[in-house]
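Trainee: I would like to understand the terms used for this structure. Could we take them in turn and set each value against its definition?

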Amino acid sequence: MSGARYLKDRLGLYLLFSAAIVIFAAVVMLLPYDTIYVRDRAYLAIFLVSIILCVFVFLLGTMYNALLWMRGRGLVGTPEQRFLKLVPRALGFVRRRFRPFASSVYNDAIHLPKLKEASVTRWITHFLILGGFVLTLVLDLVATFSLDIAKYQPMIQNDGWAKLWIRDFGFELTGSMMLIGLAIACARRFVIRPKTLRTELPDAVSVLFLLAVVLGGFVLEGIGIAGRIPGHESNQAYSFLGYALSLLMPSSAGGIYDQAWLIHGLMSALLIAYIPFSKLFHMIASPIAIEAERFLPSEVGR
Amino acid sequence: MKKLDISSLEVLSLLRFDACTRCGECTATCPTGGEAQTDELVTPRGKILRLREFYLRQYGLRARLLGGRDIPKDQLEELAQKAYECTICGQCKTVCPARLDTISMWENMREFLVANGLAPLPAHEQIIKSIENYDNPWMQPRTQRSRWSRKIEKEVRIKDALKERCDVLYFVGCTAAYDPNIREMALNTSRVLGAAKTDFGTLRNDEGCCGSTLLRTGLRASASKLARNNLEKFERTGAGTILTSCAGCYKTIRQDYPRIGKVNAKVVHITQFITDLIDSGRLVPSKRLDQVVTYHDPCHLGRHNGVYDDPRKIIESIPGVKLVEMERTRDESRCCGAGGGVKTAFPELAQKIAGLRIEDAERTGAKLLVTSCPFCYQSLQAGIDARGSRLKLMDLTEILWASLSG
């Protein structure tokens with residue numbers, strides 16, 4: 001193959017990648033953030049730049065992992081060519097068979113019948129962590145859209161149903177799911193230590209990193225409630241854990257709210273960047289591995 | 001720095017290595033890594049993590065940015081050694097919550113080891129040479145392959161499928177053809193087919209090794225050559241059905257051959273064929289045997305191909321026979337220890353695993369242990385002998401013939 005062709009393939013791939021990150025950056029930078037909790041706009045700017053950089057690292061890492069898969073036997077061309085050919089093929093497959101695809105992803109990522117059969121405790125742990133994580137992402141998208149694009153008043157007003165049930169209770173619930181799941185995971189990993197469980201540095205880092213982000217979210221909520229930061233007037237019925245934590249904090253804690261917000265935001269962004277390089281990447285690779293058997297050409301070794 | 005060649009790993013294997021959740025579900029039930037011995041590197045998770053760590057050292061993002069690192073030869077050799085301690089039984093595939101097709105991962109991992117000059121193991125080399133030179137793993141001349149049939153040539157008409165047209169081509173397999181202790185399996189299969197007036201034949205001395213051993217040890221290229229030879233002969237016979245009494249041949253012809261060439265005939269295992277004969281009334285086991293029997297699912301037939309019901313239907317069709325199941329049965333069946341080249345390279349380990357299976361069988365209270373694979377038969381018999389067990393071992397065709405010939 002000619003060098004020019006190879007360069008063209010690489011260029012094509014990196015252009016596609018750059019387009020994705022530029023679109024993401026544009027969307028992030030163009031949103032007005034009128035209702036965001038943090039008061040200092042400099043902190044907001046630091047967070048926005050960080051999230052763009054971290055999503056860039058996440059996409060780069062994910063693409064790099066996929067290019068490594070493409071080095072394997074069974075497909076023709078350079079890894080970049082193979083990847084460029086497979087992306088539309090995979091998207092076409094998902095579009096054509098969306099319902100079976102969605103049901104299969106649900107079954108293999110969330111329902112996990114084999115795990116349920118083997119151990120209900122582990123199944124619940126996995127369900128709480130993954131379910132909480134996915135729901136938090138969904139709620140984040142819903143909240144961002146309603147607040148910054150649709151300007152949906154019930155989501156903005158302090159006593160609006162959407163503010164109370166989605167922004168307060170919703171995040172509290174998904175955070176609690178993750179917290180309980182992670183607590184069980186930590187107990188198994190660091191206290192009970194069953195024979196089959198192997199804890200090496202990457203395993204410990206993944207669990208503890210996620211736990212730190214989730215706990216940070218509750219602490220932030222507690223600081224917000226204790227410090228009477230606008231938007232945190234919720235009571236124990238909605239922000240139950242945040243409210244409980246706020247009882248342990250002085251009202252002066254509100255003075256460090258912006259710093260705490262930034263730390264939580266940066267940790268969340270770093271967690272996203274860490275995914276492709278950690279065991280958490282199985283969230284992406286496992287459903288693809290199962291579905292890939294159906295859309296990859298037979299030469300790849302089905 | 002000697003760079004690993006990862007181009008022999010399949011796209012799907014590389015993807016599956018990343019998809020492993022490291023949960024360890026596979027480690028507890030792994031016969032070679034978790035049961036007969038405790039060795040993390042032999043377990044599925046251990047192998048995946050180590051291999052992944054090795055290739056990421058040379059191909060990962062860090063290697064790309066800062067340069068790859070050399071992998072000490074002794075570490076690579078250790079991985080190769082441990083990768084071959086796996087029987088490729090597929091128990092890990094059964095329990096894997098992420099539904100990874102571990103069977104193809106291990107076979108592909110061995111191809112990778114061969115491609116990188118780390119395998120096959122010295123213990124396998126003699127068998128491989130024998131297959132490549134004699135078309136069988138037992139260093140026996142080709143002219144002796146059909147010798148087993150002499151004993152029944154007056155009893156049953158077995159056609160020469162390359163000379164006479166027949167409906168069913170019986171692919172005997174090397175073990176039943178050459179091993180005097182297993183020969184009864186070929187004889188009983190032929191007797192059963194004869195009793196049902198099946199129009200069948202064999203390739204006689206022209207039958208070649210199916211290539212299972214080569215495929216399981218990572219020698220795909222050599223196996224493909226054998227497969228193409230056999231496929232050409234299958235085509236020449238014009239038979240509509242290819243029947244095997246060996247679970248290993250069945251897996252190879254049914255699953256691996258279509259990836260190498262076109263298989264125009266229907267591929268069936270003897271247990272499936274007999275079930276049809278019984279269902280259609282062409283075979284009626286009539287002699288009462290009054291036995292309590294337990295059945296061992298061969299991995300290649302059960303977990304690898306999903307054939308669980310047919311052997312049980314046959315056993316239950318025999319008057320007086322009571323089938324009792326072992327605690328671990330069907331897709332959770334414990335391996336006999338012989339597969340994946342373990343019996344050749346690590347006979348003591350194989351015997352230990354077989355011993356565990358014999359214990360399973362003894363716990364049922366059955367007096368008779370039945371299976372339907374020549375390798376399982378060899379391995380389980382060795383386990384019975386080593387433990388001094390009172391269990392009697394029979395191939396499924398043997399017990400069926402005992403009921404038919406009454």
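Mentor: Let us begin with Glu111(B), which has a relative accessibility of 7% and therefore counts as buried. Please keep in mind that this is a predicted model.

Trainee: Why is Glu111(B) called buried?

Mentor: Buried means under 20% relative accessible area. The value for Glu111(B) is 7%, so the residue counts as buried.

Trainee: What makes the contact of Arg220(B) with Glu111(B) a salt bridge?

Mentor: The rule asks for a side-chain nitrogen of Lys or Arg within 4 Å of a carboxyl oxygen of Asp or Glu. The closest N and O atoms of Arg220(B) and Glu111(B) are 3.1 Å apart, and the pair therefore meets the rule. Arg220(B) is buried as well, because its relative accessible area is 16% and the limit is 20%.

Trainee: What joins Glu362(B) and Arg387(B) to other residues in one network?

Mentor: Salt bridges that share partners do so, and the network includes Glu35(B), Arg328(B) and Arg334(B). Over all chains, the count comes to 48 salt bridges.

Trainee: What makes Asp258(A) and Arg39(A) a salt bridge, and how is each residue classed?

Mentor: Their closest N and O atoms are 3.4 Å apart, and the limit is 4 Å, so the pair counts. Asp258(A) is buried because its relative accessible area is 9%, whereas Arg39(A), with 45%, is therefore partly exposed.

Trainee: Why is Val191(A) called exposed?

Mentor: Exposed means over 50%. The relative accessible area of Val191(A) is 66%, so the residue is exposed. Val191(A) has its place in helix α8 of chain A, and together with Phe190(A), Ile192(A) and Leu208(A) it forms a nonpolar patch on the surface with about 390 Å² of accessible area. Helix α8 (residues 161-192) of chain A gives the most to this patch, with three residues.

Trainee: What makes a space a cavity, and how many cavities of 30 Å³ or more are there?

Mentor: A cavity is a set of points where a 1.4 Å probe fits but cannot get out. The structure holds five cavities of 30 Å³ or more. The largest has a volume of about 120 Å³; among the residues closest to its centre are Cys20(B), Cys23(B) and Leu100(B). Its lining divides into eight nonpolar, three polar and three charged residues.

Trainee: Which element gives the most to the lining of the second largest pocket?

Mentor: That element is α4(B), with eight residues. The volume of the second largest pocket is about 890 Å³.

Key:
Residues are numbered from 1 along each chain as its sequence is written. Chains are lettered from A and ligands numbered from 1 in the order in which they are written. This is a predicted model: local features need pLDDT of at least 70, side-chain atom pairs count only at pLDDT 80 or more; totals for chains, interfaces and linings use all residues. Side-chain values use heavy atoms; hydrogens and water are left out. Patches are made of residues with over 30% relative accessible area and no salt bridge: like charges are joined within 9 Å, nonpolar side chains (Val, Leu, Ile, Met, Phe, Trp, Tyr) within 5 Å. Accessible areas come from the Shrake-Rupley method with a 1.4 Å probe; for residues, only the protein chains shown count as cover. Helices (H or I, at least four residues) and strands (E, at least two) are DSSP runs, numbered from the N terminus. Buried means under 20% relative accessible area, exposed over 50%, partly exposed in between (1.4 Å probe, protein chains only). On a 1 Å grid over the protein atoms alone, a cavity is a set of points where a 1.4 Å probe fits but cannot get out, and a pocket is an open set with protein on both sides within 12 Å along at least five of seven lines; lining residues have an atom within 4 Å of a point. Grid points are joined across faces, edges and corners, and a volume is the space filled by probe spheres set on the points. Ala, Val, Leu, Ile, Met, Phe, Trp, Tyr, Cys and Pro count as nonpolar, Asp, Glu, Lys and Arg as charged, and the others, Gly among them, as polar.
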